[in-house]
Amino acid sequence: MLTRLIGSLLSVLLCTAPCLALQESGTLENKSDYPRETKQGIAALQAWYVQDTGLYQGIGWWNSANATTVVIDYMRASHNRDYLPNLANTLQKAQTRYSGFLNTYYDDEGWWALAWIDAYDLTKDERYLTMAASIFADMTKGWDDTCNGGIWWSKDKTYKNAIANELFLSVAAHLAARAHASEERVQYTAWAKKEWQWFANTGMINADHLVNDGLVTASCKNNLKTTWSYNQGVIVGGLVELNRIAPDPTLHKTAGFIAQATLLHLTDADGVLHDTCEPKCGEDGIQFKGIFTRNLEALQNTYPDPRYQVFFDVNAQSILMKSQGPNHQFGQVWSGPFDAGDAGSQSSALDTLVAASGSNHRSHAVPKK
């Protein structure tokens, strides 16, 4: 009883303007529609799924990895297993395009590795974990001494950026928590720690606790380019997982600083998340925001904060009320108006609807000693 009272008081004290607006409208606690809306949104997303390719029509290779991930998360949250055959189909058919899910871009590989780790968590099918490990092995080839470490964005070796290295950290930490052999766990943990030590010293995390896009190759300094929402999300999720396998209070504190900075700097007056490319983000940018909310959910599930749940509610309700079009399609600008739907904007919005359900549904492996 006392714990519940303290939690209620804390929620009041931390309530922001968007939180108060929702309370006044009486919708903050009304989440009964989320499962139904999410189910309909997933069905709309699957209308773009192509059985022959195992991918989603009209979006990029890496976007399909993220669409696959949100379907997995939906199945976990809803206990619905209708789309399990699609996972096996994608594992087989998508390799017709890129064998082993390997291509020129290390960040593309990282997205697929995380998708297959998520599939393994849901199904315990070893094929998915084996694929993720194989992808990561290729990613390690991108590491060299330029700028004192880190992996390149692509195999052309022209740019060391945030997203490729954040994904490298996250994949390594996730594999460390799931590897069966002790030597593999040690190896993955070492990679994750090495990546974080390098990343933390690059200067890509700026004075506002936001992550800029990457480094100037010639000087190895922060290039001060856009603080995309997905760059904030992936490092938050990676640090949560690293802290799981190698506990260190500075890790989750840093994740919290970045998450809170994102809520402060990348949301509008109503608390709705935006990227600067809106409303013309292209097939890449439309994916970014959902990646942030997915990773913020990982932080919320481990270190709960009332502000994060408010963020999920504000954004989910804005998507449903202001950015929903015909046939349960969702647009790229969550504050509206609805423009057009595709599998990228759909899966990004669905990441937020799944997170807003707030059921602590994401299953994490317990690190083995």
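Cys277 and Cys281 are both buried, where buried means under 20% relative accessible area, exposed over 50% and partly exposed in between (1.4 Å probe, protein chains only). This is a predicted model, in which local features need pLDDT of at least 70 and side-chain atom pairs count only at pLDDT 80 or more, while totals for chains, interfaces and linings use all residues. Residues are numbered from 1 along each chain as its sequence is written, and side-chain values use heavy atoms, with hydrogens and water left out.

A disulfide, meaning a pair of cysteine sulfur atoms within 2.5 Å, joins Cys277 to Cys281 with an S to S distance of 2.0 Å. The torsion about this S-S bond is about 90°, so the link between Cys277 and Cys281 is right-handed.

By that rule there are 2 disulfides. Cys147 and Cys220 also form one, with sulfur atoms 2.0 Å apart. The link of Cys147 and Cys220 is left-handed, with -85° about the S-S bond. Cys147 is buried at 12% relative accessible area, whereas Cys220, at 25%, counts as partly exposed.

Now turn to Asn222, which counts as buried because its relative accessibility is 16%. Its side chain makes polar contacts (N or O atoms within 3.5 Å; within protein, one must be able to donate a hydrogen and the other to accept it, and residues adjacent in sequence count only if both atoms are side-chain atoms). The side chain of Asn222 reaches the backbone oxygen of Gly203 at 2.8 Å and the backbone nitrogen of Leu224 at 2.6 Å.
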